[in-house]
Amino acid sequence: MKHRHVAVLGAGVMGTAIATLVVGHGLPVTLVDVDPDRLARARTEVSSQLRLAQLIGAMRPERTGDLVTTTELGDIATADVVIEAVTELAEVKAKLLAEVSAVVGPDVLVLSNTSAIPVDELARSLTHPERTVGAHFMNPPYLIKTVEVIRGPRSSDAAMSTALDLLATLGREAVVVGDGPGFVINRVLQRMINEAARIADEGLATPEAIDALFTGCLGHRTGPLATADLIGLDNVVDSLLVLHERTGDPGYEPSALLRTKVAAGDFGRKTGRGFYEHRGTK
Ligand SMILES: NC(=O)c1ccc[n+]([C@@H]2O[C@H](COP(=O)([O-])OP(=O)(O)OC[C@H]3O[C@@H](n4cnc5c(N)ncnc54)[C@H](O)[C@@H]3O)[C@@H](O)[C@H]2O)c1
């Protein structure tokens with residue numbers, strides 16, 4: 001299938017960077033958010049992310065696709081793929097996906113970038129649930145090539161093949177897994193971040209020491225708490241709550257330190273402070 005027009009819903013950390021990836025591969029994007037300020041920032045961010053990706057050789061766009069930003073969901077009516085990347089709250093995603101169903105045609109592929117909500121749970125909100133597939137892009141999606149692709153129990157062969165074709169067009173490598181809270185990556189990663197935050201809270205080790213063990217001893221590129229700051233601590237808590245509510249596993253109950261930081265507005269890189277100070281990265 002030839003992809004012509006991609007709609008990205010949510011102009012936060014991920015939606016903006018997914019828009020960068022898509023326009024960087026020459027496809028036009030309509031980026032939707034409820035917040036006009038977010039959309040204005042996203043335009044600048046897409047330009048600087050494209051420059052960065054080009055500079056380090058991660059993307060070599062011959063021509064970039066047009067970027068349209070809007071607060072009107074009706075503007076995605078001509079999209080042939082929708083990528084949902086709004087806040088990790090099941091009720092927000094469910095309401096939006098029901099609205100999407102009313103706007104786009106029945107053949108349109110709906111990819112969700114959810115961190116932890118089962119794809120089949122999201123599919124319930126669509127009149128054509130078989131068109132839904134999970135595409136868990138990593139942050140930042142224009143630099144990280146591998147994408148965790150989640151096939152829900154009702155995802156059709158046609159939807160899977162369109163999803164894999166789009167990811168190939170975007171130069172991404174798909175690893176297909178089954179459905180369930182947190183899928184593979186976040187079922188493991190969120191628990192690890194939560195436990196690392198508990199250790200810091202108990203005073204057993206500083207965030208620097210915890211992360212140094214993961215990078216130095218285990219060869220991880222970043223430690224769990226630096227990763228949490230990159231993801232956004234608000235998103236980490238939302239994802240942990242999704243996992244905790246759906247599994248009942250106390251390992252996913254957000255640690256007191258994570259909750260305190262989020263309550264104080266210290267979300268990590270996007271606010272300038274989380275487990276670390278991030279000067280000039282806001
Ligand atoms: N941050 C990460 O590293 C990361 C990685 C992989 C997946 N994800 C997932 O991607 C999704 C987005 O995460 P994020 O970190 O970009 O969050 P974010 O908080 O940075 O951005 C979310 C955006 O969604 C917008 N939004 C909320 N409701 C909306 C609606 N009804 N219509 C349009 N826009 C709406 C908000 O205004 C905000 O700009 C979440 O599901 C998250 O779990 C995040």
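Student: Which residues are closest to the ligand, and how many surround it?

Tutor: In this predicted model, 28 residues surround the ligand, and the closest are Gly10, Gly12, Met14, Ser115 and Asn139. A residue is counted when its C-beta atom, placed from the backbone, lies within 6 Å of the molecule. By class, this shell has 12 nonpolar, 12 polar and four charged residues, and helix 1 gives the most to it, with three residues.

Student: Why is the ligand said to lie between domain 1 and domain 2?

Tutor: The domain assignment gives domain 1 (6-177) and domain 2 (187-263), and because both of them give residues to the shell around the ligand, the conclusion is that the ligand lies between them.

Student: What makes Val29, Leu31, Thr30 and Val32 of strand 2 count as buried or exposed?

Tutor: A residue is called buried if 20 or more other C-beta atoms lie within 10 Å of its own, and all four are buried, although Val29 and Leu31 point one way from strand 2 while Thr30 and Val32 point the other way.

Student: How do you know that strand 1 and strand 2 pair?

Tutor: Pairing requires at least two bridges between the strands, and strand 1 (residues 6-9) and strand 2 have four, in the parallel sense, so they are called paired. Val8 stands opposite Leu31 in strand 2.

Student: Through which helix does the chain cross from strand 1 to strand 2, and what is the hand of this crossover?

Tutor: The chain passes through helix 1, and the β-α-β crossover is right-handed.

Note on methods: Residues are numbered from 1 along each chain as its sequence is written. This is a predicted model: local features need pLDDT of at least 70, side-chain atom pairs count only at pLDDT 80 or more; totals for chains, interfaces and linings use all residues. Helices (H or I, at least four residues) and strands (E, at least two) are DSSP runs, numbered from the N terminus. Ala, Val, Leu, Ile, Met, Phe, Trp, Tyr, Cys and Pro count as nonpolar, Asp, Glu, Lys and Arg as charged, and the others, Gly among them, as polar. Domain bounds come from an automatic or database domain assignment. A residue is buried if 20 or more other C-beta atoms lie within 10 Å of its own, exposed if 12 or fewer, and partly exposed in between; C-beta atoms are placed from the backbone. A crossover is right-handed if, with the strands pointing away from the viewer, the path from the first strand over the helix to the second runs clockwise.
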